[in-house]
Amino acid sequence: MAGAFIESKGGKAYPGGLTRRVFFTCFVAAFGGLIFGYDLGISGGVTSMDPFLKKFFPEVYEKEHDMKPSDNQYCKFDSQTLTLFTSSLYLAALVASLVASVVTRAFGRRLTMIFGGLLFLFGAGLNFFAAHVWMLIVGRLLLGFGIGCANQSVPIYMSEVAPYNYRGALNMMFQLAITIGIFAANLLNYLFAQYKGVDAWRYSLGCAAVPALMIIFGAFFLPESPSSLIERGLDEKAKTELQKIRGSKVDVDDEFKDLVAASESSKAVKHPWASLLKRHYRPQLTFAIAIPFFQQLTGMNVITFYAPVLFKTIGFGATASLMSALITGACNAVATLVSIFTVDKFGRRTLFLEGGTQMFLCQVLITSLIGIKFGVDGTPGELPKWYATIIVVGICVYVAGFAWSWGPLGWLVPSEIFPLEVRSACQSINVAVNMIFTFAIAQIFTTMLCHMKFGLFIFFACFVVGMSIFIYKFLPETKGVPIEEMHVVWQNHPYWRKFVKPTDSKPPSDEV
Ligand SMILES: OC[C@H]1O[C@](O)(CO)[C@@H](O)[C@@H]1O
């Protein structure tokens with residue numbers, strides 16, 4: 001595949017294909033996604049473990065166990081302290097993502113990854129030895145800081161290193177790693193709960209050290225991205241790196257010149273945050289906010305965080321709940337693979353729209369099934385096996401719809417539409433908005449479930465309709481367009497052409 005030469009929509013084409021070096025570079029960088037995924041997946045299972053609840057949240061444990069079948073089951077786990085355990089991490093990641101923008105610009109993407117991995121390692125250690133709630137929460141905060149750094153640096157790093165015609169597939173390895181992390185967490189929760197008795201939660205939380213070590217060691221061997229080297233004035237080194245990444249026989253002069261030009265004009269922008277408010281960057285700013293907002297409002301994290309709690313709520317036993325979470329976790333990872341193989345062929349818009357339709361239909365199905373069985377008062381009676389199976393299958397098909405659309409595209413699209421001069425700032429906004437809504441959903445889910453009951457899924461279904469219309473009307477196709485040429489896409493779009501004029505292909509300097 002090396003040496004592939006594909007004409008882009010923007011009119012430019014750079015030689016250089018999927019070399020082994022590019023593949024392994026992106027593969028290692030994707031480890032950053034593992035640490036995020038592990039954390040996303042671990043807390044739901046841990047908070048459904050009785051010994052953990054008894055030790056740290058005895059009031060939730062008592063409430064769950066004092067419940068009579070005639071009580072409202074939707075409110076079984078309604079506790080703000082318990083959800084704070086899950087959500088605190090995302091609050092820390094939010095703060096870290098803002099700081100990390102400065103760090104990635106000044107010290108490069110690679111060092112930011114290593115730093116993030118170290119924080120994550122300390123967090124995992126503190127959680128493993130936790131004897132008090134504060135140790136749990138401080139550990140979660142450290143994990144959050146680590147995740148903020150990784151999520152800031154990894155997606156842009158991957159988009160910068162990848163040849164533009166494979167950018168979609170390679171960048172999506174980040175989301176694939178997230179889903180593998182979630183699945184590994186689900187699996188370990190299940191196994192530890194079976195074999196480690198009262199200390200199962202300790203092992204589950206402590207194993208976060210493994211993905212942390214993987215990214216720390218992996219990042220030591222990663223080359224810095226050529227864009228980042230040029231950004232820091234290391235042009236010679238950048239050219240050598242670009243040559244190595246694209247393959248020794250490839251003529252990289254054209255691409256290198258464009259990277260230098262992009263970096264030169266980006267230096268005219270001294271205040272990327274303030275510049276973002278300029279009319280010229282309206283499409284980027286809009287998508288930096290809308291994409292992560294909508295990604296979270298699909299409702300996916302209700303499943304990621306609370307699948308075991310949700311399954312327990314609707315009458316599954318403890319082991320069956322962890323097992324069902326494992327099944328949905330596996331669907332998530334496998335379906336993400338589908339997007340990797342299709343995104344550069346069918347394009348981003350097709351995946352977004354198909355995934356949205358699929359999620360919507362499943363949400364209506366799940367709402368109806370839970371509503372029919374539980375009514376509004378949440379008293380289930382017997383849940384026949386076939387009925388439970390249909391619910392799990394419905395949830396799996398919903399998860400698959402997310403996994404080949406909003407999941408990976410939520411990282412890919414922002415990382416490829418931000419021009420260099422505002423890339424770090426835009427990515428910070430993207431990660432920060434993602435974390436705000438990840439936090440919000442983690443924090444209020446159990447209360448929402450208690451009050452909105454089965455209507456919870458309809459709430460998210462309404463957003464899925466809104467976001468699909470938004471994509472249809474406003475997102476141009478970015479498949480096969482080099483990042484440096486992306487301005488052409490906006491200039492040709494019926495709506496965004498009002499904001500981005502052909503003369504705007506160079507960034508406006510701060511003085512303008
Ligand atoms: O795979 C599901 C996971 O993917 C994310 O949306 C990140 O892209 C997480 O918020 C979610 O837990």
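In this predicted model, R140 has a relative accessibility of 0% and therefore counts as buried, the limit for that class being under 20%. The residue belongs to helix α7, which covers residues 133-161. Beyond its neighbours up to four places away in sequence, R140 touches D39, I42, S43, F85, T86, S88, L89 and N127. The bridge links distant parts of the chain, since R140 sits in helix α7 and D39 in helix α2 (residues 31-47), 101 residues apart. Both partners, R140 and D39, are buried.

N127, which is also among the residues that R140 touches, leads on to helix α6, where N127 lies. With 0% relative accessibility, N127 counts as buried. Leaving out residues up to four places away in sequence, N127 touches M135, L136, G139, R140, L143, W201 and L205. F128 is likewise found in helix α6, which covers residues 109-128. Is F128 buried or partly exposed? F128 has a relative accessible area of 25%, so this residue is partly exposed. Its contacts, apart from neighbours within four places in sequence, are with R202, Y203 and G206. Between F128 and T328, which are 200 residues apart in sequence, the distance from C-alpha to C-alpha is 26 Å.

In general, side chains of opposite charge can pair when their charged atoms come close. The count for this structure comes to 13 salt bridges. One of them joins R167 to E416, with the closest N and O atoms 2.9 Å apart. R167 lies in helix α8 (residues 167-195) and E416 in helix α20 (residues 406-417), so this bridge ties together parts that are 249 residues apart in sequence. R167 and E416 are both buried.

A further salt bridge is formed by E224 and R232, whose closest N and O atoms are 3.1 Å apart. What is the relative accessible area of E224, and how is this residue classed? The value for E224 is 10%, which means that E224 is buried. R232, by contrast, has a relative accessibility of 28% and therefore counts as partly exposed. Elsewhere, salt bridges that share partners join R109, E160, E231 and R423 into one network.

Helix α8, which holds R167, also contains N189. N189 counts as buried because its relative accessibility is 1%. Apart from neighbours within four places in sequence, N189 is in contact with G41, I42, G45, V46, M49, S204 and L322. Among these residues, I42 is also touched by R140. A residue that can be compared in position is V393, which is 204 residues from N189 along the chain; the C-alpha atoms of N189 and V393 are separated by 21 Å.

The remaining part of the description concerns the ligand. Which residues are the closest to the ligand? Of the 14 residues that surround the ligand, the closest are Q175, Q296, N301, N332 and W411. For Q175, an N or O atom of the side chain is 2.7 Å from an oxygen atom of the ligand. For N301, a polar side-chain atom lies 2.4 Å from a ligand oxygen. For N332, the distance between an N or O atom of the side chain and an oxygen atom of the ligand is 2.9 Å. Taken alone, the ligand exposes 310 Å², and the protein buries 100% of that area. By class, the shell around the ligand has six nonpolar and eight polar residues, and no charged residues.

Technical notes:
Residues numbered from 1 in each chain as written. Predicted model: local features only at pLDDT ≥ 70, side-chain atom pairs only at ≥ 80, totals over all residues. Heavy atoms only, no water. Helix = DSSP H or I, 4+ residues; strand = E, 2+ residues; numbered from the N terminus. Buried < 20%, exposed > 50% of the residue type's maximum accessible area, 1.4 Å probe, protein only. Contact = heavy atoms within 4.5 Å. Salt bridge = Lys/Arg side-chain N within 4 Å of Asp/Glu carboxyl O. Near = heavy atom within 4 Å. Polar contact = N/O pair within 3.5 Å; in protein donor to acceptor, adjacent residues only side chain to side chain. Areas by Shrake-Rupley, 256 points an atom, 1.4 Å probe, with all protein chains shown as cover. Nonpolar A, V, L, I, M, F, W, Y, C, P; charged D, E, K, R; others polar.
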